[in-house]
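Welcome! Take a moment to look over the sequence and the model shown here, and then let us walk through them together.

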Amino acid sequence: MTVESTAGTATAAVPELVQLLTPEGERVEHPRFSLETTPEELRSIYRDLVLVRRFDGEATALQRQGELGLWASLLGQEAAQVGSGRAQRPGDWAFPTYREHGVAWCKGVDPLNLLGMFRGVNHGGWDPYEKNFQLYTIVIGSQTLHATGYAMGITKDGTDDAVVAYFGDGASSQGDVNEAFTFASVYNAPVVFFCQNNQWAISEPTERQTRVPLYQRAAGFGFPGVRVDGNDVLACLAVTRWALERARNGEGPTLIEAFTYRMGAHTTSDDPTRYRIADELEEWKLKDPIERVKAYLVHEEWADQEFFDAVDAESEQLARRVREGVRNMPDPDPTSIFENVYAEGHALVDEERAEYVAYAASFDGSEEVGEGR
Amino acid sequence: MSTATAPAAASGATTTLTMAQALNTALRDAMREDPTVLVMGEDVGTLGGVFRITDGLAAEFGADRCLDTPLAEAGILGSAVGMAMYGLRPVVELQFDAFAYPAFEQLLSHVAKMRNRTAGRLPLPITIRIPYGGGIGGVEHHSDSSEAYYAHTPGLHVLTPATVADGYGMLRAAIASDDPVVFLEPKRLYWSKDEIAPGPVEPIGRAVVRRQGTSATLLTYGPSLPVCLEAAEAAKAEGWDLAVVDLRSLTPFDDETVTAAVRATGRAVVVHEATGFGGPGAEIAARVTERCFHHLAAPVLRVTGFDIPYPPPMLERHHLPGVDRILDAVARLQWEQ
Ligand SMILES: Cc1ncc(C[n+]2csc(CCOP(=O)(O)OP(=O)(O)O)c2C)c(N)n1
Ligand SMILES: [Mg+2]
């Protein structure tokens with residue numbers, strides 16, 4: 001199975017795209033990557049995909065209703081995230097961008113916690129150590145170095161945990177990302193670089209970042225790169241498992257380029273009609289990551305209407321819980337801004353906190369404190 | 001120095017623009033007048049920038065004078081250095097305040113020092129546009145006020161307009177400057193509207209008194225100017241007649257205007273969003289004290305962002321200097337003496 005390179009004219013070769021499930025829902029074999037799945041596992045994968053999409057859609061709606069300040073939708077990227085997320089064991093670590101809601105779901109982070117920063121009440125509402133899921137990183141590419149360093153730490157203890165560093169096609173241009181490749185390679189770190197090439201970095205197509213398919217970059221750094229159909233959850237699962245196995249076995253880093261598409265706007269602040277044509281969207285709709293799993297389940301008779309209805313009902317329940325949860329999220333305490341700046345008390349911050357408290361008290365609890373007055 | 005004139009000059013009439021449009025017009029006029037001027041940055045081409053400051057420039061001047069760059073700020077600024085060495089006049093857009101940090105090494109070690117290292121043989125006429133400051137409910141890394149880092153770096157000019165007219169005039173002057181300019185655009189004022197009157201573009205480096213007053217002098221710049229003007233209005237009810245100075249340029253710093261404005265009232269408060277410790281207000285208060293000591297009835301006070309990482313959107317109003325915090329500081333200027 002092949003795909004046209006979008007990477008300009010520099011490469012004549014059409015890159016290989018690992019695929020195990022076609023857009024039509026047909027199970028195909030790949031010479032290098034195989035996957036055994038039980039009907040039960042497949043149903044569970046389908047459920048993840050549907051719930052993640054429903055959650056994402058609800059967050060977009062909540063932004064429109066003014067309950068969130070911003071949302072970065074993962075629409076179209078569910079398979080890349082659920083596939084790579086499910087490939088991880090609980091001991092493995094994920095270092096996400098701001099769009100990895102599906103990975104968070106697979107790691108067991110409560111989706112409601114993801115919404116705190118988008119509502120504007122915190123910078124990340126979860127404990128990274130609880131589910132081995134780091135905070136979202138907005139500064140493009142930085143987390144790939146953190147992931148690499150964490151993986152270097154793992155080698156000191158000799159456990160067989162591994163790390164997955166998420167980043168985008170745009171991020172591949174950052175110095176940090178290229179330095180992470182270098183460090184991971186030189187130290188043979190157990191890290192998987194998982195690039196979701198969703199074809200766009202805000203308004204810039206991937207051609208603005210690279211003249212070669214991104215997965216080919218790995219060769220120059222001395223580790224393998226694989227391009228996988230990012231809308232094929234089975235292929236993403238199989239290839240990420242393989243890469244994680246390599247990491248566990250001391251074989252070092254891998255670059256996975258999940259070839260996918262950002263179906264929505266960059267964020268709710270963005271207007272993609274200014275820079276991309278609707279045809280592209282229509283083309284990618286035919287490669288929907290969920291429809292193909294459903295078609296496969298139906299074809300194999302591994303799921304009936306009752307199952308699909310139950311998943312839909314569950315997704316509505318999730319949406320309701322998220323909606324109510326967001327609306328009931330308590331406003332943060334103003335004095336919390338002075339917390340966790342330093343480990344210990346700090347003269348300057350403590351002084352400013354005391355001054356602020358006295359100042360706020362002078363308003364006698366009135367709503368007007370600091371409201372531009 | 002620039003011989004440019006404001007856009008309405010040709011027709012001799014005033015035009016009403018937003019600050020975003022004024023900046024856009026400044027870029028367009030500079031590109032029309034000087035073929036060596038080019039614009040580069042992330043999303044500046046087809047999209048016209050995330051704030052639309054470069055709207056229409058790619059269409060008018062082509063993709064080789066309005067470059068959508070790869071997503072790498074060190075790359076953007078570093079290659080702008082090379083282009084300037086070649087004889088071009090790059091205007092770089094770094095998308096948000098905190099996303100300028102990956103370019104820090106290029107800025108501090110190369111952009112700022114090139115003239116000095118090359119004994120004046122190699123000036124770098126680069127303008128680095130950075131939307132900065134808070135008040136727009138941005139998620140983390142979208143609201144920093146980083147001016148102190150830049151102002152602390154010899155070799156850089158640091159400008160920040162607060163009015164629509166200055167958006168045009170100061171950007172033209174920055175582009176015309178043969179020295180590198182960090183041009184900080186107060187993003188929450190992008191949509192502010194005002195008239196631009198025709199007239200020659202002023203050289204950079206002068207502060208301007210935006211409001212005359214007799215009781216005390218507010219020294220401010222960028223996003224805090226409208227807040228200070230509002231505070232001055234509100235202060236009337238308390239019996240204070242406040243002067244407001246818009247610094248416009250942090251370096252070069254206009255000691256002359258500032259000193260005169262403070263001596264006239266004998267009391268001063270510096271207001272800015274950036275964190276206070278080691279912030280611009282510290283330098284300004286020191287300079288004012290050095291020059292106005294015997295004219296001062298009270299210590300120079302500062303109203304600034306707290307010394308904390310920029311808080312999440314729901315809490316930013318507590319962090320940002322507002323009218324009440326400014327009046328609170330004015331009240332502490334030892335009136336009882
Ligand atoms: C260092 C840095 N520069 C610029 C930005 C602004 N920005 C946010 S997302 C983005 C595009 C990222 O594209 P990509 O890496 O492909 O990820 P995607 O959003 O497509 O998932 C940009 C330029 C940023 N967050 N950090
Ligand atoms: Mg992308």
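## Around the ligand

Ligand 1 is surrounded by 20 residues, and the closest are Tyr98(A), Arg99(A), Ile138(A), Gly170(A) and Glu73(B). Please keep in mind as you read that this is a predicted model. Where does ligand 1 lie? Its place is between chains A and B.

By class, the shell around ligand 1 is made up of 10 nonpolar, six polar and four charged residues.

How much of ligand 1 does the protein bury? Taken alone, ligand 1 exposes 580 Å², and 95% of that is buried by the protein.

## Where the chains meet

Let us now turn to the two chains themselves. The contact between them involves 44 residues from chain A and 41 residues from chain B. Together the chains bury about 3700 Å², with 62% of this area on carbon and sulfur atoms. On the side of chain B, Leu71(B), Met314(B) and Asp324(B) provide 18% of the area that chain B buries against chain A, more than any other three residues.

Which side chains meet in a salt bridge between the chains? They are those of Asp55(B) and Arg274(A), with a distance of 3.0 Å from N to O. The count of salt bridges between chain B and chain A is one. Polar contacts across this interface number 12 residue pairs, where both residues have pLDDT 80 or more.

Several elements of chain B take part. Those that give two or more residues to the side touching chain A are α8 (225-235), α11 (316-319) and α12 (323-331) of chain B. The largest share, five residues, comes from α12(B). Sorted by class, the side of chain B that touches chain A holds 20 nonpolar, eight polar and 13 charged residues.

## A salt bridge within a helix

Over all chains, the structure holds 47 salt bridges. One of them joins the side chains of Lys285(A) and Glu282(A), at 3.3 Å from N to O. Both Lys285(A) and Glu282(A) belong to helix α10 (residues 278-285) of chain A, where they are three residues apart, about one turn of the helix.

## Two details of the backbone

Two spots in chain B are also worth a visit. At the first stop, a cis peptide bond links Thr251(B) to Pro252(B), with omega about 5°. Pro252(B) sits in the loop between β12 (249-251) and α9 (255-265) of chain B.

The other stop is Asp43(B), whose phi is near 65°, a positive value in a residue other than glycine. In chain B, Asp43(B) is part of the loop between β2 (37-41) and α2 (57-61).

Notes:
Residues numbered from 1 in each chain as written. Chains lettered and ligands numbered in written order. Predicted model: local features only at pLDDT ≥ 70, side-chain atom pairs only at ≥ 80, totals over all residues. Heavy atoms only, no water. Near = heavy atom within 4 Å. Areas by Shrake-Rupley, 256 points an atom, 1.4 Å probe, with all protein chains shown as cover. Nonpolar A, V, L, I, M, F, W, Y, C, P; charged D, E, K, R; others polar. Contact = heavy atoms within 4.5 Å. Buried area = accessible area lost by both parts, 1.4 Å probe. Salt bridge = Lys/Arg side-chain N within 4 Å of Asp/Glu carboxyl O. Polar contact = N/O pair within 3.5 Å; in protein donor to acceptor, adjacent residues only side chain to side chain. Helix = DSSP H or I, 4+ residues; strand = E, 2+ residues; numbered from the N terminus.
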